[in-house]
Amino acid sequence: MAVYEHHYRRYAGPLTPDWSRFLIIPRHAYRDIFRSKLFTAFFVACFVPLLIEAILIYLHHNVNALAILKVNVRELLPIDASFFEAFVGIQGGFAFLVTLLVGPPLVARDLRNNALPLYLCRPFSRAEYVFGKMSVVLILLSTITWIPGLVLFLFQSYLEGFSWFAGNLWLANAIFLGSLAWILLLTLLSQTISALVKWRMAASAALLALYLIPSVFSEVINQMFSTRWGHIISVDSLRRSVTAGLFGTFEAASRQVSFSGERISNEPPIWCSWFVLFLICAICLAILSRRVKAYEVVS
Amino acid sequence: MVAALQEDQQIALQALVQTPVIELDGLSVRFGRRPILQDLRGQLRGRAIGLLGPNGAGKTTLIHTLLGFHPPASGTARIFGQDVINETKEIRSIIGYMPERDAYIAKMSCVHFVRLMAELSGIPSEAALERAHEALFYVGLGEARYRNLDTYSLGMKQLAKLAQAIVHGPRLIFLDEPTNGLDPPARLRMIKLIREIRDSGQANIVISSHLLRDVEECCEEILILKDGRIATYCNLEEERKANRKFLVLETRGDQAAFTKAIAELGCEYAITSDHRVKVVLQEGAEIRDLYRIAAAQNLQIRRLNFKRDSLEDIFLKAMENGNGGL
């Protein structure tokens, strides 16, 4: 079917491997996403903390620079678990903002324009479609969370030496797992909302509400019942709890000021936070499997 | 050795020719408790197959089931011998589908959209782009291929849907209401394209449509559905070859006695209304015999026309009886 010939002809060339086809979706999606200069600028800004922390690590190991600055950066800001945990926390915030901009239209747009039958009438399964759409967000978030986190870790290891690297390998694990848990949760939440709400703005608003409203409610519960178990419904608190557990900075009991005065309250155990995270992910997957269909059947 | 190979190839070719395009094997589909398709059986082998039926007859559901979108409640179907339940992926790699409703990916140029669809069918990126251009030129959207799909008119969107259905060169193409919303020139162009693809012999086509004229112009085999069952199967090609003509008589008088008398003459007949009878003349019988019988029965023949069974007649008959089969 050459342009000049104008007749129908079958395709007889080689085919791409089945496993790689889900990657077609992110490849085409990024063309659209990075067409916006504003988003590109924001995405570049997400790497500013990486630059700052890399400079801090460099200063930490540069005696001349320390002498010029006349500041003891080693005492001011030690490169330990808290340093990397803070980086993961900051990048987690950026990851949420990126998700808010990128995630909601992905499935919603296809549902609104009845595009799902076009995808699914090909040798392309529903699971591949969902995984393809999720990978748009996952790949983007990975580049601003655990990948720069590990780059920082390797930079510090390079400057500090192999013994530091060997002794702190668990930090790399914490950076990777903590970031992955958060970006996976964000990806699933954004895609689920996108599959439920067909209008892009409403989907973004719903994602923001899902982040903010439970956090407010969790604090209300904590204050009213003098407890810390309210954290179990806040996505942000769950993330903090899980990350703190991985970095070994989790405090089981904390001082709490409530209406009745000051008291020591127990935080929900870390396994509880993991369990809730898994539960949210499972619910999201169940909703996605119900919503992502070529045609909705009205019984 | 060479002779054995040629023999093997011939056997394989024969098997391919003998394999029906679509084979329905007691196929039933339910949505909840509601039966949509009930015990469909038969084999369809035509280059272009028409699916006809009133709204809600199950045409689109049948296509969706063949595409693997709805699981059958019982029975199964095969496309080129491959089972729609167990070999969905293999089937989807050899078919193209043009949905009835507006379907596109927003914020994309048409060439980008068709290329994406080709890539999802497994064609490598560069070849997909090349074929996207070719397909768009083929359907007549060559000049508009860089325009955003959101800006397309209804007719252009239909052509874009056709382009994405054929970009990967499938063996079987499902077209669900392909001429919906098209103006007469655009409709003619669509029909011409369908006939060209059919005549190329490279792909079989299944067309679901309300428009009898479209189906009649493009299809060789017709499957008429009514209430989820096969109402009639008709091989239009054979009907055309047989060139069977009949007479339509407009009468006034005792029609029952008249039809009884022409039946005794050995002619087939059908009463279509109070004053209208269709008669197929048998060999040896002539028109003057009809006048003779009419005069004997004191019946007036006010009009007499030669006609051929049109698809409309077949369709209306199927809607009245609704118990045909393959």
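The largest pocket of this predicted model is lined by 32 residues, and A:K293, A:A294, A:Y295, A:E296 and B:F69 lie nearest its centre. A pocket here is an open set of points on a 1 Å grid over the protein atoms alone, where a 1.4 Å probe fits, with protein on both sides within 12 Å along at least five of seven lines; lining residues have an atom within 4 Å of a point. The volume of the largest pocket is about 780 Å³. Its lining comprises 15 nonpolar, seven polar and 10 charged residues.

Chain A and chain B bury about 4400 Å² between them, with 59% of it on carbon and sulfur atoms; buried area is the accessible area (1.4 Å probe) lost by two parts on being put together, summed over both. Three salt bridges are found across this interface, a salt bridge being a side-chain nitrogen of Lys or Arg within 4 Å of a carboxyl oxygen of Asp or Glu. A:R27 and B:E119 meet through their side chains in a salt bridge at 2.4 Å, N to O. The table gives the residues in contact (heavy atoms within 4.5 Å).

| Chain | Residues in the contact |
|---|---|
| Chain A | 39 residues |
| Chain B | 50 residues |

Residues are numbered from 1 along each chain as its sequence is written, and chains are lettered from A and ligands numbered from 1 in the order in which they are written. In this predicted model, local features need pLDDT of at least 70, side-chain atom pairs count only at pLDDT 80 or more, and totals for chains, interfaces and linings use all residues, while side-chain values use heavy atoms, with hydrogens and water left out.

Definitions and conventions: Points joined across faces, edges and corners; volume = space filled by probe spheres on them. Nonpolar A, V, L, I, M, F, W, Y, C, P; charged D, E, K, R; others polar.
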